[in-house]
Structure formats: structure tokens, C-alpha cells
Amino acid sequence: MRITGGRLRGRRLASFKGLEIRPTSDRVREAIFDLIGHHLTGEKVLDLFAGTGSLGIEALSRGAAWALFIDHSPKAIDLIVRNLKLCGFEAQGVALRKDLIKGFPRRHRLLEEKMDLVFVDPPYRKGMILPVLEELSHLRILGSPATLVAQSEQKEVLPPRVRDLQQVKSRVYGETRITLYRHEGHE
């Protein structure tokens, strides 16, 4: 698994052994950044169900100011911290352990910021993506504008609107569907 663009293009990231997690492939990650744009100067990024942290780290490589990574697995948190160090991003990334099924963290200094870019990549076939999108909209942590990138199984078609999130694109890459939402709500 490598970073596909930005100043660290080609840098290898550590990944899990076995099938505990489904990391976003290099091909899908590259397609995501083709859809949202390659230059993310100054963006504030939230990477949910972060796994290896590859999406948020890719955003940092492409100019994002900082990234908050959330995952419930202690192994994932350790791996994200390891990957941040491998890339020299330990000052720009924070890994937080939280089970998002039980809700978002209520108190964290970075969640007081308005997010510009959010990656949502929950386990497939668990019915988690819509509740997370609803809660993101409800919490008022999204900037205006903000982009949300939701990954789901290819067969899972997400609604055109989730509260104040408007779907702008949906593409299929192999077994993965990428759905982009735009938030234009009031801050």
C-alpha cells in the first residue's frame, strides 16, 4: 500500500496482516482524489473507520493542514500512529479510539473545528453508513462547504440527500462504490 499523490507519492504505508480490516486499495484511493481534487491546501480532515489511516494520510500528503483519525480497534490506532510517524506527520495527525456505533466523541478539541473533508468507510453490510452521515450532519462539525466521501459496497446505493448533505457524484470501482456528498449548510 502506497501513497498515490502529493509530496510523499510512492511512500509505503504499513498495513494489517490477514483480513481484520479492508484497507482502501491504491486504485480506489487514487480515484477518490481524482473525484475530490488533488490539492487540499489547508483542509481539515476527519477520517472515520480509519483502519490504516491511508485516506487521511493521503490527504496530508496532498496539503491538508491536519487530520483526525477515528477507529474502534486498538490495532488500527497503533497502525495509524505508526504510519503517521513513517510519513513525518505525527504533528499533523491525531488518532482517537472510539466505537462510532455508540456515537461520536463529544469532547475533543479537533471536533470543535469545522471539517472540510470527511472520509466515511465503515465495514460493509453492517448498515452503519447512513446513521453516521445523519450524525455528522446533526453534530454541526462540517464546514460550509465541506465534502464527504462515503465508501460502501458496490451494490449499496446511498440516498441523494441525507439531511443537509447533497449527493454530487457516485462511482463504482470494482467492489467499492464511492459516493460524494457536499455540505452547504449553515455553520
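## A tour of the chain, stop by stop

The chain has four helices and eight strands, where helices (H or I, at least four residues) and strands (E, at least two) are DSSP runs numbered from the N terminus. This is a predicted model, in which local features need pLDDT of at least 70 and side-chain atom pairs count only at pLDDT 80 or more, while totals for chains, interfaces and linings use all residues. Residues are numbered from 1 along each chain as its sequence is written, and side-chain values use heavy atoms, with hydrogens and water left out.

**Whole chain**

Start with the chain in cartoon view. From the N terminus on, the elements run α-β-α-β-α-β-β-α-β-β-β-β. The radius of gyration, taken over C-alpha atoms, is 15 Å, close to the 16 Å that the globule rule gives for 187 residues, so the chain is as compact as a globular protein of that length. The globule rule is 2.2 Å times the number of residues to the power 0.38. Along the principal axes, the C-alpha atoms fill a box of roughly 40 × 35 × 30 Å. Of the 187 residues, 53% count as buried; buried means under 20% relative accessible area, exposed over 50%, and partly exposed in between (1.4 Å probe, protein chains only).

Select Phe33 and Phe119. Rings of Phe, Tyr and Trp (its six-membered ring) pair if their centres lie within 6.5 Å; planes under 30 degrees apart count as stacked, over 60 as edge-to-face and the rest as tilted. By this rule the count comes to one aromatic pair. Phe33 and Phe119 form it, tilted, at 5.9 Å centre to centre and with 55° between the planes. Phe33 lies in helix H1 and Phe119 in strand S4, so the pair ties together parts that are 86 residues apart in sequence. Phe33 is buried at 0% relative accessibility, and Phe119 is buried too, with a relative accessible area of 1%.

Now show charged side chains. A salt bridge is a side-chain nitrogen of Lys or Arg within 4 Å of a carboxyl oxygen of Asp or Glu, and a search of the whole structure finds six. One of them joins Arg29 to Glu58, with the closest N and O atoms 2.9 Å apart. This pair links distant parts of the chain: Arg29 is in helix H1 and Glu58 in helix H2, 29 residues apart. Both Arg29 and Glu58 are buried.

Salt bridges that share partners join Asp26, Arg29, Glu58 and Arg62 into one network.

Go to Lys44. Lys44 forms a salt bridge with Glu113, at 3.9 Å between the closest N and O atoms. The two lie in distant parts of the chain, Lys44 in strand S1 and Glu113 in the loop between strand S3 (93-97) and S4, 69 residues apart. Glu113 is partly exposed, with a relative accessible area of 35%.

**Backbone stops**

Most residues other than glycine have a negative phi, and most peptide bonds are trans.

- Phe49 has a positive phi of about 55° although it is not a glycine. Phe49 lies in the loop between strand S1 (44-48) and helix H2 (54-61) and, at 13% relative accessibility, counts as buried.
- Arg125 is another residue other than glycine with a positive phi, near 60°. Arg125 lies in the loop between S4 and helix H4 (129-139) and is exposed, with a relative accessible area of 65%.
- The peptide bond from Ser144 to Pro145 is cis, with omega near 10°. Pro145 is found in strand S5.

**The second largest pocket**

Last, select Ile36, Glu43, Asp116, Thr147 and Arg182. Of the 13 residues that line the second largest pocket, these lie nearest its centre. On a 1 Å grid over the protein atoms alone, a pocket is an open set of points where a 1.4 Å probe fits, with protein on both sides within 12 Å along at least five of seven lines; lining residues have an atom within 4 Å of a point. The volume of the second largest pocket is about 180 Å³, a volume being the space filled by probe spheres set on the points, which are joined across faces, edges and corners.

Helix H1 (26-36), strand S4 (115-120), strand S5 (142-153) and strand S8 (176-183) each supply at least two residues of the lining. The largest share, three residues, comes from S5.
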